[in-house]
Amino acid sequence: MSDNPTFGGRLLIGAGGSGAVALLPVFLSALRAEFTGTVTVLMTHTATTFLPASTMGLFADQVVTGDDPRTWARDNHVTLAEDHDLYVVLPATANLLAAAATGAAPNLVATTVLESASPVAFFPVMSAQMWAKPAVQRNVAQLRSDGHEVIDPGVGPRYDVGLARVVSGPTPPAPPQFVAKVRELLR
Ligand SMILES: Cc1cc2nc3c(=O)[nH]c(=O)nc-3n(C[C@H](O)[C@H](O)[C@H](O)COP(=O)(O)O)c2cc1C
């Protein structure tokens, strides 16, 4: 158990199609040590190819993919934005950053960014080459200028599922850093 005081709220996590989505259960487990609220995970279609929604559902109160039209009346961009206190995107892919920075709505994760009344927190996860591209950095700057929060990745060794080896470069946040940021934003 954590020594930190507990905190609550209704958290929505948008999960993009990065191999790092497989780490999300670790983040949610760390969160549960301090967080007494509810967690909804909203996954893009690509995210569900990396980690099945059924596995995600073992760690979240609710998982939404938007794949089944029978759920659309209940779970859509409007209800998802209205029914949560904080929206964070982890992992935020280059694709999701680009969509959010340009006001595009190609999927439910990005559409819910547009629908959110409050700023959204993005945790980008991608290779060093992608992260360094001027186009990606332009999108990050645009999101910040629009009032969103973009948390810079860490730097260090990580296993790259694309290259199938450990590389040095941008890393997902450490789980305690993620929990601290959610606590700060829900305050
Ligand atoms: C093995 C593999 C790993 C990937 N990892 C990343 C990643 O870490 N970050 C990223 O921005 N894109 C990554 N991609 C590319 C995304 O899956 C692709 O851009 C996709 O369209 C993302 O869209 P979405 O986040 O809206 O689902 C990866 C693709 C593959 C095949």
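Which strand does Pro91 lie in? Pro91 sits in strand β4; helices (H or I, at least four residues) and strands (E, at least two) are DSSP runs numbered from the N terminus. A cis peptide bond joins Leu90 to Pro91, with omega at about -5 degrees.

A quick word on the ground rules. This is a predicted model, where local features need pLDDT of at least 70, side-chain atom pairs count only at pLDDT 80 or more, and totals for chains, interfaces and linings use all residues. Residues are numbered from 1 along each chain as its sequence is written, and side-chain values use heavy atoms, with hydrogens and water left out.

On a 1 Å grid over the protein atoms alone, a cavity is a set of points where a 1.4 Å probe fits but cannot get out, while a pocket is an open set with protein on both sides within 12 Å along at least five of seven lines; lining residues have an atom within 4 Å of a point. Grid points are joined across faces, edges and corners, and a volume is the space filled by probe spheres set on the points. By this rule there are 2 cavities of 30 Å³ or more.

The lining of the largest cavity is made up of Ala20, Leu23, Leu24, Phe27, Leu90, Pro91, Val125 and Pro172. Two or more of these residues come from each of α1 (24–32) and β4 (86–92). Both partners of the cis bond, Leu90 and Pro91, are in that lining. The second largest cavity is lined by Phe123, Pro124, Ile151, Asp152, Pro153, Pro173 and Gln177.

Here are the spaces with their lining classes (Ala, Val, Leu, Ile, Met, Phe, Trp, Tyr, Cys and Pro count as nonpolar, Asp, Glu, Lys and Arg as charged, and the others, Gly among them, as polar).

| Space | Volume | Lining residues by class |
|---|---|---|
| Largest cavity | about 40 Å³ | 8 nonpolar, no polar, no charged |
| Second largest cavity | about 30 Å³ | 5 nonpolar, 1 polar, 1 charged |
| Largest pocket | about 450 Å³ | 15 nonpolar, 10 polar, 2 charged |

What about the pocket? Of the 27 residues that line the largest pocket, Met126, Ser127, Arg158, Asp160 and Val161 are the closest to its centre. Elements giving two or more residues to this lining are α5 (94–102), α7 (128–132), β7 (154–160) and β8 (165–171). The largest share, 4 residues, comes from β8. In the loop between β7 and β8 you'll find Ala164, which has a positive phi of about 60 degrees although it is not a glycine.

On to helix packing. Axes are lines fitted to C-alpha atoms, for helices over the stretch in contact, and angles run from 0 to 180 degrees between N-to-C directions. α1 packs on helix α9 (residues 175–186) at about 55 degrees, with the axes 9 Å apart. That makes α1 oblique to α9 (angles under 35 degrees count as roughly parallel, over 145 as roughly antiparallel, 65 to 115 as roughly perpendicular and the rest as oblique). Val26, Phe27, Ala30 and Leu31 of α1 make the contact (heavy atoms within 4.5 Å) with Pro175, Phe178, Val179 and Val182 of α9. By class, this contact has 8 nonpolar, no polar and no charged residues.

The axes of α5 and helix α8 (residues 134–145) come within 9 Å and cross at roughly 50 degrees, and these helices are therefore oblique to each other. Ala94, Leu97, Ala98, Ala100 and Ala101 in α5 meet Val136, Asn139, Val140, Gln142 and Leu143 in α8.
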